[in-house]
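I opened a notebook page for this structure and list below what I looked up.

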Amino acid sequence: MLDPAPATPQTSHPLLQTVGLTKRYGDFLANDSIDIEIFPREIHALLGENGAGKSTLVKTIYGLVQPSAGELRWQGAPIKLSGPAEARSLGIGMVFQHFSLFDNLTVAENVALGLDGKEPFKAISARLADVARDYGLPLDPSREVWQLSVGERQRIEIVRALMQNPKFLILDEPTAVLTPQEADQLFVVLERLKAEGRAILYISHKLDEVKRLCDTATILRGGKKVATCNPKRETAASLARMMVGTEIKEVKPPAERRTTVPRLVVNDLNLAPSELHGISLRNISFELKGGEILGIAGVAGNGQDELFAALSGERLVKEPGTIIIDGLACGHLSITQRRKMGAAFVPEERLGHGTAPRMRLSENALLTGHAAGDMVRHGFINAAATLRTVDLTTETFDVRKAKRDPEAASLSGGNLQKFVVGREILRGPAVLVVNQPTWGVDAGAAAIIRQALIDLASAGAAVLVTSQDLDELIEIADRIAVMFHGHLSEALPRADATREKLGLLMGGATLEKEAAHAIGA
Amino acid sequence: MQLVLEKRAERSRTIALVSPLIAIGLTLVTMSVLFAVLGKNPITALGVYFIAPLTDGYSLQEIAVKATPLVMIAIGLSLCYLANAWNIGAEGQFLIGAVAGSWIAVKTQGTEAGHWVLPAMLVAGAAAGALYALIPALCRVKFGASEILTSLMLVYVADLLLDYLVRGPWRDPAGFNFPTTAEFDPVATVPVLIEGGRLHLGSIIALVVVAAAFVLLDRTIKGFEIRVVGVAPRAARFGGFNANQLILLTFAVSGALAGLAGIIEVAGPIGHLQPGISPGYGFTAIIVAFLGRLNPVGILIAGLFLALTFIGGEQAQITMKIPLDVTKVFQGILLFYVLACDSLILYRFKLVSAAPQVQRAAR
């Protein structure tokens, strides 16, 4: 369509090239002299752990970040981008991981706001419908965004980028928010774009996807380019090795665990949203026994945060019996009282929710430890006890930090997460509710955290893990349920919980054998 | 070469201590320029402002007397500000405390009432200040009204109430129609510490307040709650701390301290209730709180320093004919510099060298 198909991409000229691209933030090198070539008709993967420099690199290519050194070449000629508008005018488009959409505006209005130029609104709407239909990305231009699913919202972003007819499209972790089936649909669109002669830079850390979809992969580690390879010729293990630098410790499969009595019971939990366009929790019921890990899968924004708030007691429910911890009705009790009953909680957001970023670790140990234990006596803080928790957590969970008691914000994501999870596990909780335990965490830390969750369950605790990472849940959970629009599906035993079945549930389908429950719900 | 402001990984403790000193230094430089513009010799003027008051006993006592209400009020305000509750109305709480305490003094005037009068006055002053501060706090918690506006507006209500009382019902019949109550009885007066001096028991109370605040913030779970709610509200909720409860608590405590300062001022150095009992203590205390880094010990030092500017300002007015308003200008400039220097706690200046390989420096 654009230019004749070359036999292999490498024989044509690169569409975009970075030469010695470097970005420095103070003493920190986010990108260290990166050379990368991206050809037309190529899906190029950018692989790396969190903090490897992927985001900085693509932001530089999209004109959001100015490089400290090195240069960008577009079709062979050096360019300097003053901003994203200039990148777009060259034909560079980007779909961000976090959408920038206005909830109260329609699809067409959102797209119109994101377009440069003076096209009349009616023309935009018409063209939007055309592009959407053409690429098999069904979208109703007149619907308001708040009514749409996350997958549909992503479609808006993709269509918005496509309406500018980009030669080069950057996608930042596009499948992170999709069900497996939605991801498959996206891949069809991406193959189509590739066939049209466009180049795609595809950021991901999901190795299977990259192997399946991408022609080339560039791997970043610690801001440096480690390798460029053909992912189809690599194994997932060899790619992971290049990403992480060392072998990743395998999580030991859960040993024979005996389940005991129910320790966390939720009976018909209903909760109205606390904010506009929030998700209502509807008729959520489940029972979690000691020695068991229950996984809750689902696309973000389907009520997981609301469920966490209700379980933790950050939001109270009227009927005490709705939530029962270790046999005691506690729906009306505060988070502190629930902690005293032996419950522990780890929220999704480490900084600002799980910890006060500008406070020391010992103070953050006190944040959740004051309820029980010896940290507070007659209203006075036992500073030695808080430091003891820090030391013990550091030792047990290998928390790396510059000094004994630094501020929470100075730790890396993985180390802070180990602290936040470790702080709760060391209290020996009867029930642990954890949201996104390894979100944005390096592979080494993720393995330690998952192992700790398994060990905690083996020791007799009931563990509830909410995660968007299906692989994680399949690895550690005994049963997996799916949240969709505030409903929770029946939990599937691990042996039964295939990616396909879970994917269908994540998209709102009801499995046949569960139809009765779904209708009842 | 380019100068960039760069975020620090961790807040700098050194700068946190040094920043007020930098601010004071910059203020002195600015003031020198101002004095020069006014046609005064900056060195002499600064000497009169900051050195002369430290050289004689009377002025030293006077500094302590002026610092007493400033420190007491600022300690209370610092609790509010740490908890992200913005009490701007300490001046009003100060006046209400003075009025409530004076009510007992006026009612017992000339009676046989014994030594219970002064303690009762102090309790009444503190209680009235606390209740008066709870008005904006409750409006914030119940209706979401901005406590900044409501607390500030209540200052004028208190001011006019005091004015009405001393011109009307409580006016001293033998006072030649001056708007003032009669001199309080000895049992209704805060005792002086040195015979014939001005230093009074209130200064000891202020020191106790400083010590108590230090223990509260540094050693107790309640103090921890106050600090967490201010810096990370979501984490505080996760910790199980109730932000609204803490707003009410910190407002009540700061109102009580302001009210206590008010009645001590009236029953101490002034000796009777009259309009203009405060040269803006409630507002100057805001500067004291920030200059003192919202830290009790820092506030004590900052309170003494600002008291010095009041005394120095009076002397400069007398000896050099420098308008008293220059003192307020000085305090305003100081607050400005303190807030500006605070950015250095979380940020640092860095020279980015334009080395050859750098084509575009960070913006």
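**Two asparagines in loops, a helix and a contact**

I started with B:Asn177, which sits in the loop between helix H6 (147-167) and H7 of chain B. The model is a predicted one. I read a phi near 65 degrees for B:Asn177, a positive value in a residue other than glycine. Most residues other than glycine have a negative phi. I noted B:Asn177 as exposed because its relative accessible area is 60%, and the cut-off for exposed is over 50%.

I then turned to B:Asn84, in the loop between helix H3 (57-82) and helix H4 (90-108) of chain B. B:Asn84 also is not a glycine and has a positive phi of about 65 degrees.

Next I checked helix H13 of chain B, residues 325-346. Its 22 residues should span 32 Å at 1.5 Å a residue, and I found the end C-alpha atoms 34 Å apart, which agrees. Buried residues in H13(B) include B:Phe330, B:Leu334, B:Tyr337 and B:Cys341.

Last, I looked at where the chains meet. The contact takes 42 residues from chain A and 31 residues from chain B. Between them the two chains, A and B, bury about 3,100 Å², with 55% of it on carbon and sulfur atoms. I counted 1 salt bridge between chain B and chain A. It joins the side chains of B:Arg227 and A:Glu363, at 2.7 Å, N to O.

Note on methods:
Residues are numbered from 1 along each chain as its sequence is written. Chains are lettered from A and ligands numbered from 1 in the order in which they are written. This is a predicted model: local features need pLDDT of at least 70, side-chain atom pairs count only at pLDDT 80 or more; totals for chains, interfaces and linings use all residues. Side-chain values use heavy atoms; hydrogens and water are left out. Contact means heavy atoms within 4.5 Å. Buried area is the accessible area (1.4 Å probe) that two parts lose on being put together, summed over both. A salt bridge is a side-chain nitrogen of Lys or Arg within 4 Å of a carboxyl oxygen of Asp or Glu. Helices (H or I, at least four residues) and strands (E, at least two) are DSSP runs, numbered from the N terminus. The expected span of a helix is 1.5 Å times one less than its number of residues. Buried means under 20% relative accessible area, exposed over 50%, partly exposed in between (1.4 Å probe, protein chains only).
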